[in-house]
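Subject: Structure handover

Hi,

My notes on it follow below.

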Amino acid sequence: MKIFYKKQPLIEELKNIRANSLSIGFVPTMGALHKGHLSLVKRSFTENDVTVVSIFVNPAQFNERKDFEKYPRIIENDIALLQNILTEKDIVFNPDEYEMYPEPDTRIFDFGTLDKVMEGKYRKGHFNGVAQIVSKFFNLIRPDKAYFGEKDFQQLTIIKKLVEQMDLPIKIVECPIVRETDGLAMSSRNLLLNPSQRKSAPLIFRTLSEAKNKKHSMLAGELIKWVTDRINSDNELKVEYFSIVDSQTLIDTTEWEENRKQIGCIAVWAGEVRLIDNISF
Ligand code: AMP
């Protein structure tokens, strides 16, 4: 695979690829790759002629510089993992901050309620930063398909809206959550957990799974309280929010509805590490 650090040579390479009518799949990541990311890469590899993987820790989507700075960066390891999947025709794009933001991006996006609730409420400006970088990458790479994980369910919903708003001819491919054997959703941030926090973290998905089974015996509001109390009963974990929302509008659900997809989304602090997960009800 070829590795590019600058936009211009990437643009030239993609021009050649398009001239040969080859299809392009794109997987945006912030690196510290794990099996969750690699499932997206494998899927793109099988569905396209050429796969482009970006590795870029996007400062615009972090609320605090400290969180941005402590985000894990293990680029040599990432490259080695990608080399096991990709071949010489594929591309890794690993720009630095200045290459992507030679000057501050002042664009403001508005996704209606989608970016105001849950992550949008607790991480102000986060999705604006995501939309800035993803729209830059979409313009630059102009993929046929782009791959996103259901782990970041709200982000996936917003990216689909972004593509719709901008009339981009890109198919967004939704990929299922990959989990550790104990159920914890794989995340680059899991690397930041201490042993005791790591031991407690699987309680998040265990509780979500049990909640799904309790759906018929509890109202949505009661279930929200049950999930929150159960996770908070572990000293290492503190729930920031647990919401059960309509999967398309992301508006809170108060009643169970058989003919609508409802999804429970959660954010939990383990010390200074913020973990998110979700389950379809
Ligand atoms: P990130 O590097 O955290 O920005 O994630 C890059 C992409 O990988 C996003 O589309 C995520 O939703 C996806 N992803 C991260 N973790 C997982 C996981 N455990 N399972 C599936 N997809 C994931």
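Start with strands 7 and 8: they run antiparallel and are joined by nine bridges. Two strands count as paired if DSSP finds at least two bridges between them. Helices (H or I, at least four residues) and strands (E, at least two) are DSSP runs, numbered from the N terminus.

Before going on, some ground rules. This is a predicted model, in which local features need pLDDT of at least 70 and side-chain atom pairs count only at pLDDT 80 or more, while totals for chains, interfaces and linings use all residues. Residues are numbered from 1 along each chain as its sequence is written, and side-chain values use heavy atoms, with hydrogens and water left out.

Axes are lines fitted to C-alpha atoms, for helices over the stretch in contact, and angles run from 0 to 180 degrees between N-to-C directions.

**Helix 10**

Helix 10 covers residues 203–214. The expected span is 1.5 Å times one less than the number of residues. For these twelve residues that gives 16 Å, and the end C-alpha atoms are 16 Å apart, which agrees.

Which residues of helix 10 are buried? They are L203, I204, T207, L208 and A211. They cover an arc of only 135 degrees around the axis, so they sit on the same side of helix 10. The arc is that of the directions from the helix axis to the C-beta atoms. Buried means under 20% relative accessible area, exposed over 50%, partly exposed in between (1.4 Å probe, protein chains only). These buried residues pack against helix 9 (195–200), helix 11 (220–232), strand 7 (237–246), strand 8 (262–270) and strand 9 (273–280). Contact means heavy atoms within 4.5 Å.

Six strands form another open sheet, in the order 1-4-3-2-5-6, with parallel pairing. Strand 1 (2–4) and strand 6 stand at the edges, each with a single partner strand, so one side of each lacks a neighbour in the sheet. Neighbouring strands of this sheet are turned by 25 degrees against each other on average, direction ignored. Five bridges join strand 5 (residues 145–149) to strand 6, and the two run parallel.

Helix 8 (residues 153–165) lies across strand 5 and strand 6, at about 170 degrees to strand 6.

**I172**

I172 is in strand 6 (residues 171–175). Is I172 buried or exposed? It counts as buried, because its relative accessibility is 13%. A146 is bridged to I172 in strand 6. Leaving out residues up to four places away in sequence, I172 touches F138, A146, F148, L156, I159, K160 and V163.

**Whole protein**

The protein has eleven helices and nine strands. Of its 281 residues, 53% count as buried. Along its principal axes the C-alpha trace spans about 60 × 40 × 35 Å.

Best wishes
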